[in-house]
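The sequence and the structure come before the text.

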Amino acid sequence: MDRVTSLASQRAVVIFSKSSCCMCHTVKRLFCELGVNPAVYELDEVRGGKEMEKALVQLLRRSPPVPAVFIGGKLVGSTDTVMSLHLGGNLVPLLRDAGALWL
């Protein structure tokens, strides 16, 4: 869990993902189209990915735990939460507050 929280606090936007996950791809694409350059950790490709995945399962209380999005070091959630924030007009202000956007 410590590694997840440490990595999540190092950048304005951090996404824990799996390279084969279509919902992960959707979330990563959304952030890129908004002009955000998130730190992305592909759990199936990084050292210690399995342990981080287990920690995320505990944190999110869901399996699979990806995508797991952190903004400003705080857990936002998965695809449904990110999309709800975006559609409600609340994602961009959150990204601005975290320093991920300068619009």
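**Salt bridges and a buried serine**

E53 is buried, with a relative accessible area of 17% (buried means under 20% relative accessible area, exposed over 50%, partly exposed in between, with a 1.4 Å probe and protein chains only). This is a predicted model, in which local features need pLDDT of at least 70, side-chain atom pairs count only at pLDDT 80 or more, and totals for chains, interfaces and linings use all residues. Residues are numbered from 1 along each chain as its sequence is written, and side-chain values use heavy atoms, with hydrogens and water left out.

**Salt bridge E53–K18**

- The structure holds three salt bridges, each defined as a side-chain nitrogen of Lys or Arg within 4 Å of a carboxyl oxygen of Asp or Glu.
- E53 pairs with K18 in one of them, with 3.1 Å between the closest N and O atoms.
- This pair links distant parts of the chain, 35 residues apart: E53 sits in helix α3 (residues 49-60), and K18 in the loop between β1 and α2 (22-33).
- Helices (H or I, at least four residues) and strands (E, at least two) are DSSP runs, numbered from the N terminus.
- K18 is partly exposed, at a relative accessible area of 23%.

**Salt bridge K28–E42**

- K28 and E42 form a salt bridge whose closest N and O atoms are 2.6 Å apart.
- K28 belongs to helix α2 and E42 to strand β2 (residues 39-42), so the pair ties together parts that are 14 residues apart in sequence.
- Both partners are buried, K28 with a relative accessible area of 16% and E42 with 13%.

**Salt bridge E33–R29**

- The side chains of E33 and R29 meet in a salt bridge, at 2.7 Å from N to O.
- Because E33 and R29 are four residues apart in helix α2, about one helical turn separates them.
- E33 is exposed, with a relative accessible area of 57%, whereas R29 is partly exposed at 48%.

**Surroundings of S17**

- S17 is found in strand β1 (residues 13-17) and is buried, its relative accessible area being 0%.
- Its side chain makes a polar contact of 3.3 Å with the side chain of K28; such a contact is a pair of N or O atoms within 3.5 Å, and within protein one must be able to donate a hydrogen and the other to accept it, while residues adjacent in sequence count only if both atoms are side-chain atoms.
- Leaving aside residues up to four places away in sequence, S17 touches C24, K28, V40, Y41, E42, L43, D44 and V66, where contact means heavy atoms within 4.5 Å.
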